[in-house]
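Trainee: I would like to learn how to read a structure like this one. Could you take me through it one feature at a time?

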Amino acid sequence: MLQKSPPNHDGPPNHAGGTLLASEPRGMSSSAKPMSARKLVADKLLWETLKRWKRSSPELDRIQFLKTVPFFNELSHRQLKTVSDTLFERNYETDELIFEEGQPGAVLFLILDGKVAVEMCRENHTTTLAILEKGAFFGEMALLNEAPRSANARSLERTYTLALYRNDLSRLIQRDPQTACQIYRALASIIGDRLRSTNELMHTEIPTDKV
Amino acid sequence: MGPEQDFEEKERERKVRRRVFHLTFASLALILGGFLIWKLSSLVLPIIVGALLAFLFRPVKERFKIPWLPHELQVLCSFAAIGLVLFFAFDTARKHIPDDQQKLEFKVRLKYKLNEKYQQLMTKSPEGKSSMLVGLIEKQVGPLMDKVNELLELDPQERELFLKYRAGYNGNPPIENKFFEYFQANQNTRKYVTPEEAPAAAPAATAAVAARVEPPAAREGSSLEAWILAPLIFVFLGFDNGQMRHYFISLVPNRYFELSLTLLDRLDDAIGKYLRGTLTECFLVGLTLCLGLILLGIPVGPAVAIGLISGLVNAIPWLGTLIALVICLSYALIAENIAPLIPGLNPNNLPLYVLILVGITRVLDDVVFQPFVLGSAVNIHPLVVVVAIIGGSLIMGLWGMVFAIPTVVVVKTAIETLFKELKDYRII
């Protein structure tokens with residue numbers, strides 16, 4: 001599940017306490033003072049509880065996580081909430097296949113926690129292409145079309161993921177065109193970067209005179 | 001035994017336990033579900049209708065988007081818009097719904113005109129001899145006419161009310177003389193089949209009619225209460241913002257995650273297109289008939305009512321057209337004061353024009369509406385259509401007939417999509 005934020009031990013803002021003391025009526029008897037101190041403690045406790053509850057709500061945690069993902073880092077809080085509502089949470093056991101090469105792709109996966117190996121099987125030989133960790137994403141081509149998956153994805157340990165379904169993103173174009181547009185632009189940029197690095201790799205691997 | 005083997009052994013045991021648990025839970029859920037459906041069968045139809053309406057109106061809800069407004073308020077606004085449109089539609093339709101006096105007039109006129117037309121058709125030669133064909137028709141249609149007359153017969157209370165309205169009652173103008181003449185003529189309607197000719201059929205038919213006429217009051221009340229569920233289901237499903245879909249998908253094992261998402265989406269798309277297409281098609285058929293009838297000189301009120309009913313029953317393939325034809329012809333037979341826009345049209349040849357109108361509507365439906373609105377969304381074999389309609393009518397009467405084909409379409413699409421996706425995902 002989503003990792004809980006550490007409990008916050010920050011005290012209430014000074015002005016809160018200050019306001020409370022300042023609002024005390026003049027000429028109050030000495031017996032009223034312990035009452036207001038108790039009230040202050042109660043308020044402080046309530047404030048801290050509310051703050052902790054607010055900070056550790058799964059929805060906020062998810063939004064905080066999405067902010068760290070390159071796909072969504074340009075989106076506002078409201079836009080991230082819209083995206084967060086469309087995501088599916090999936091948990092995988094160690095060594096569980098997330099998707100298989102050749103299957104029609106429909107979903108992009110974001111790793112909330114855990115480790116995933118992207119591998120290719122050729123003639124009884126498995127090649128690991130990449131090992132992805134928390135914050136990484138895979139299967140992004142599925143957001144563009146229904147083309148078959150080009151590799152296997154397998155969890156190397158207990159893995160928590162968020163999944164974004166292609167048609168949910170398509171529907172977002174109608175509901176919130178600006179958000180959808182920003183996501184597609186980020187997707188295009190990421191795919192462009194990967195194409196560029198593949199081209200560079202080809203140039204370094206294959207001598208120019210052989211091309 | 002090493003720690004790795006021990007771990008694998010434990011994992012295997014856990015897998016077996018999980019499977020047993022899932023199987024037990026699924027069986028219990030199935031049994032409980034079946035029991036509840038059987039016990040609460042009266043709730044099934046309102047739930048289906050509410051869910052279907054929510055499904056049909058979902059595009060309206062989704063179109064109604066104001067980014068700064070919370071989801072719940074947006075849904076409420078879209079419901080208010082739908083409600084407002086429906087209110088005006090019903091309010092307009094209500095004005096054309098006949099009151100008690102008009103209902104009595106209609107019943108009296110229908111009985112009189114039907115008998116008049118029937119007698120005209122069965123006119124015997126001056127010598128009093130009927131032709132063989134007429135005799136044959138009389139033998140076949142006679143019992144049916146007797147049953148229709150029985151159904152249209154005013155009961156003592158209605159007769160008393162008719163006479164009260166004749167003198168002017170409840171602030172209404174008195175019933176016209178011609179209706180009173182019809183009423184008197186109806187008192188003397190003879191039986192077309194003598195009791196010796198049909199000794200067994202008549203009592204059975206009367207019993208059947210009586211059984212249908214006297215539904216238990218308690219049952220009526222309970223079914224009315226059940227129908228309160230329909231708008232509730234509609235509203236709560238309307239508020240759903242994909243949470244139900246998320247919940248059901250969360251129950252699916254990881255292996256079938258992408259498959260179930262795709263499957264649900266395809267089903268939603270195909271069924272949505274079919275249902276919304278059918279609704280549009282029914283609306284267009286109803287509108288065509290309504291405009292056609294107005295063109296033939298039938299008053300706007302009855303034309304709208306006939307258009308509405310014909311549009312609704314158009315959801316039943318083939319039989320829908322037949323029902324629409326019967327309704328239109330019945331009205332054409334009793335129509336008296338028509339103001340046709342077509343020259344040469346009079347009440348005597350109106351049935352012929354109505355027949356042509358229904359024919360043209362049918363052709364328009366086949367050639368323009370269906371291909372344009374539905375495309376080749378779902379093709380069902382005619383035999384399946386017939387069996388489904390008969391089966392639906394046996395299980396749930398008229399509602400069963402209306403819902404038979406959409407149900408077949410849902411099941412057919414679900415099976416086709418399921419098999420296709422299972423193959424694509426190499427599960428089978």
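This is a predicted model: local features need pLDDT of at least 70, side-chain atom pairs count only at pLDDT 80 or more; totals for chains, interfaces and linings use all residues.

Trainee: Which residue forms a salt bridge with A:Arg62?

Mentor: The partner is A:Glu89, and the closest N and O atoms are 3.0 Å apart. A:Arg62 lies in helix α3 (residues 58–67) of chain A and A:Glu89 in strand β1 of chain A, so the pair ties together parts that are 27 residues apart in sequence. Helices (H or I, at least four residues) and strands (E, at least two) are DSSP runs, numbered from the N terminus.

Trainee: How many salt bridges does the rule find across the interface of chain A and chain B?

Mentor: The rule finds four there, and in a salt bridge between the side chains of A:Arg149 and B:Glu258 the N to O distance is 2.7 Å.

Trainee: How many residues of each chain are in contact?

Mentor: Contact means heavy atoms within 4.5 Å, and 28 residues of chain A are in contact with 19 residues of chain B. Buried area is the accessible area (1.4 Å probe) that two parts lose on being put together, summed over both; for chain A and chain B this is about 2,000 Å², with 43% of it on carbon and sulfur atoms. In chain A, the residues that lose the most area to chain B are A:Phe88, A:Arg90 and A:Pro104, together 31% of what that side buries.

Trainee: How should I read a pair of helices?

Mentor: Two packed helices are described by the angle between their axes and the distance between the axes. Axes are lines fitted to C-alpha atoms, for helices over the stretch in contact, and angles run from 0 to 180 degrees between N-to-C directions. In chain B, the axes of helix α2 (residues 41–63) and helix α12 (residues 257–295) come within 10 Å and cross at roughly 90°, which makes α2(B) roughly perpendicular to α12(B), a term that covers angles of 65 to 115 degrees.

Note on methods:
Residues are numbered from 1 along each chain as its sequence is written. Chains are lettered from A and ligands numbered from 1 in the order in which they are written. Side-chain values use heavy atoms; hydrogens and water are left out. Angles under 35 degrees count as roughly parallel, over 145 as roughly antiparallel, 65 to 115 as roughly perpendicular and the rest as oblique.
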